[in-house]
Amino acid sequence: MAKGTGSEVSLKEIIEAAHNLKGRLVEWRRDFHEHPELGMEERRTAGIVADHLRSLGIEVRTGFGGTTAVVGLLKGASPGPTIALRADMDALPIQEENQVPYASKTPGQMHACGHDSHVTMLLGAATALAGFRERLAGQVKFFFQPAEEGPGGAQPMIAAGAMEDPKVDGVVGLHVASEMNVGEIGVVPGADSASPDSFSIRIVGRGGHAAHPDQGVDAIAVAAQVITALQTVVSREIYPLQPVVVTVGTIHGGFRNNVLAGEVTMTGTIRTLNADVRDQAQAAVGRIVKGIAEAMRATVEVDFSRGYPSFSSDPSMYRLVRQAAVDVVGPERIHDLDPTMGGEDFAYYCQKAPGTMFRVGGRNAAKGFTNPLHHPRFDLDEDALPIGVAVLVRGALSFLSGGEA
Ligand code: NI
């Protein structure tokens, strides 16, 4: 199976390497957790990452499009393909409510999406893989990416050449999962994440005395019809087996009980898993809003703003990572997951190379780790860290030694 090198790294060696890193992983993770940084501001985190990669003899590149991104390049002893492993580094503008020694020291900022653990697991994988360098045939790139929570770090990194020189042949990302128990791994056989697009609607009627609705145009009555009708985009316009979400998240209008509202503004989101459905849903929202406004004598402006694209696992990358996960945790602890209607800018890497993401279970009810991602008391079982490392390393080695396991 192994090209060139002859002596493959065994599963036992991988699991031992990951296990031996446990103390270091916990230190890293708690340090990052204590020092969260928002998207595009991950300077401290990036500095620690770059220093550690250099200490392993891994080539380090920074400055991708002026971002805080760090890309490490580990060259194996013999030639071969290139795999990229990706972790996001950013925290969220959330005030942490956990009472733990490693709680955030920065008011109003918190690693509530577990990206501290992603950076940690990727550092662990880099450490383990550097130790196997003499037996690697090919290259491993380590993508430490800023701003997954927005405005997005993958796109500027790719634009600045992260997927080139050497060209990436496959890419793997990971995310912790708060609904899956520690020791379990989730993989996604098909569609993974949605395109989280947004819209804003401004309905303009004509204000007046509430006693004389006939003399004005009540923008609130128009808005009510619009909100109800928008739900028919999902139920009446899109193929029923295609998931779509249309949500109106904000609405503002009016200022007094006895005055007709002359204007209402609303914002919301449209999420789909398919590029054609995305276009179709957006067109339907625009048409329905305009049609209802016109029918009710109002005028309307509708603006759409596109978020990350949706993406699906590449079938062979999915099989490769699934097998790596089976090897590490056993087949009974693998979950084949449904897609999420959340967004992920990992999608951009998948437009350039075959890719897949896996999820690392971090829940442990016995230890009190049950809160969901983005919760002010989110936390995870650190026993997940060496498991994530082992899956990353096993997947990367299997890719380099000839693709599918
Ligand atoms: Ni996240």
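A quick term to start: a donor is an N, O or S atom within 2.8 Å of the metal. With that in hand, look at this predicted model, where a nickel ion is held by C113, H115 and H175. Elsewhere there's an open sheet of four strands, with helices α6 and α7 packed on it.

**The nickel site**
- Three atoms coordinate the nickel ion: SG of C113, NE2 of H115 and NE2 of H175, at 2.1 to 2.3 Å.
- Along the chain, these donors follow the spacing C-x1-H-x59-H.
- C113 sits in the loop between β3 (78-88) and α4 (115-131), while H175 belongs to strand β5 (residues 170-181), so this pair ties together parts that are 62 residues apart in sequence.
- Buried or exposed: which describes C113 and H175? Both are buried, meaning under 20% relative accessible area.

**The four-stranded sheet**
- Reading across the sheet, you get β10-β12-β8-β13, and the pairing is antiparallel.
- β10 (244-253) and β13 (299-305) are the edge strands, and each has a single partner, so one side of each has no neighbour in the sheet.
- From one strand to the next, the twist averages 20°.
- Strand β8 (residues 195-204) and β13 run antiparallel and are joined by seven bridges.
- Check out F199, which stands opposite F304 in β13.

**Helices on the sheet**
- Helix α6 (residues 219-237) touches β8, β10 and β12 (263-272), and its direction makes about 170° with that of β10.
- Helix α7 (residues 275-295) touches β8, β10, β12 and β13, and its direction makes about 165° with that of β13.

How values were computed. Residues numbered from 1 in each chain as written. Predicted model: local features only at pLDDT ≥ 70, side-chain atom pairs only at ≥ 80, totals over all residues. Heavy atoms only, no water. Donors = N, O, S within 2.8 Å, 3.2 Å for Na, K, Ca; no water. Helix = DSSP H or I, 4+ residues; strand = E, 2+ residues; numbered from the N terminus. Buried < 20%, exposed > 50% of the residue type's maximum accessible area, 1.4 Å probe, protein only. Pairing = 2+ DSSP bridges. Axes fitted to C-alpha atoms, helices over the stretch in contact; angles between N-to-C directions. Contact = heavy atoms within 4.5 Å.
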